[in-house]
Amino acid sequence: MKRILVAEDDADIRETLKDLLSGEGYAVETAADGVAAVAAWKGSQEPFDLVVLDVMMPGKSGYDVCREMRAAGSRVAVLMLSAKSEEIDKVVGLELGADDYVTKPFGVRELLARVSAALRRAELSSSPKADAAADFGFCGATASVRRYRLERGDRYAPLTEIEMKLARLFAAHPGEVLARDRMLNEVWGVNYLGTTRTLDQHVANLRRKVGEVGGDASAIRTIHGVGYSCA
C-alpha cells in the first residue's frame, strides 16, 4: 500500500483529500501546517511514497517544506497544491524540486491521475534496475546515478528524479531533436496532464546545474517550436 502525506491547512480540503485518496487504496496521513508536515516526514517509521504540499501554510510554506526535504537528500515524490495560478509560482515550486504542481480548484480525476503518475514515476526510478544503472557522461560532467547528482572534479549539484530522467534521455539521444510531447511522454508518462511549461522549467534547472559544476550548459539547445537537443 502506497503511503501519502497530505499537508493542507484548510481542514475541509485536507479531509476531502484524505477521504478521496484513502478511497483509492492509499494509506494517508495528514498535517495541518508546514511544521507538522516536516515532523511527520521526519518521524515516520515507514517512508512516504508521495508528499502532497499546499503552498500557503502557516509555520512553514509548502515551498519551505519541499526545500528542506530536498536539502536533506530526500527523493520522495512531491506534488504541490496552490490557489496561485501565476506561472512564477509554479516555477518556484519546480525549481525547489517538486515533481508536479496542481492549481486549485482542481478536478478529482485530474488530481488522482497526477498522484498515480507521480507514484508510478517514483517507483520506476527506485527499482533495482534503475539503481544498478551505471553513471553516465552528460554535458562535460558525470551524472552519478547512486548519488543523484551531477559531478565534475570537486564540484557537484544535486539532481531531482525528473532532472536525472531528462539527463538520461538526452544522453541516450545525442544530437537528436526531441519534441516536447515525446519528452513529456517518456519522462512524465503518457497520462501526464501538465503543460510543456513544466518541462521547460525542469530543462532550465538542469541546464543551470550543468553550468554550476563547470559543464557545457550550451550543449542543451532549445529548438524553438519543437523541443530540445543535447550534443
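What follows is a short chat about how terms are applied to this predicted model.

Student: What makes residues 128-132 a stretch to treat with care?
Tutor: pLDDT is the predictor's confidence in each residue, from 0 to 100, and over residues 128-132 it stays under 50. The protein chain averages 88, with 91% of the residues at 70 or above. Where pLDDT is low, the predicted coordinates should not be read in detail.

Student: Why are α7 and α8 called oblique?
Tutor: Their axes, lines fitted to C-alpha atoms over the stretch in contact, with angles from 0 to 180 degrees between N-to-C directions, cross at roughly 120° and come within 10 Å. Under 35 degrees counts as roughly parallel, over 145 as roughly antiparallel, 65 to 115 as roughly perpendicular and the rest as oblique, so α7 and α8 are oblique to each other.

Student: Which residues of α7 and α8 make the contact?
Tutor: With contact meaning heavy atoms within 4.5 Å, they're Ile162, Lys165, Leu166, Leu169 and Phe170 of α7, plus Met183, Glu186 and Val187 of α8.

Student: How do you know that β4 and β5 pair?
Tutor: Two strands pair if DSSP finds at least two bridges between them, and 4 bridges join β4 to β5, which run parallel. Leu79, for one, has Asp100 of β5 as its bridge partner.

Terms used. Residues numbered from 1 in each chain as written. Predicted model: local features only at pLDDT ≥ 70, side-chain atom pairs only at ≥ 80, totals over all residues. Heavy atoms only, no water. Helix = DSSP H or I, 4+ residues; strand = E, 2+ residues; numbered from the N terminus.
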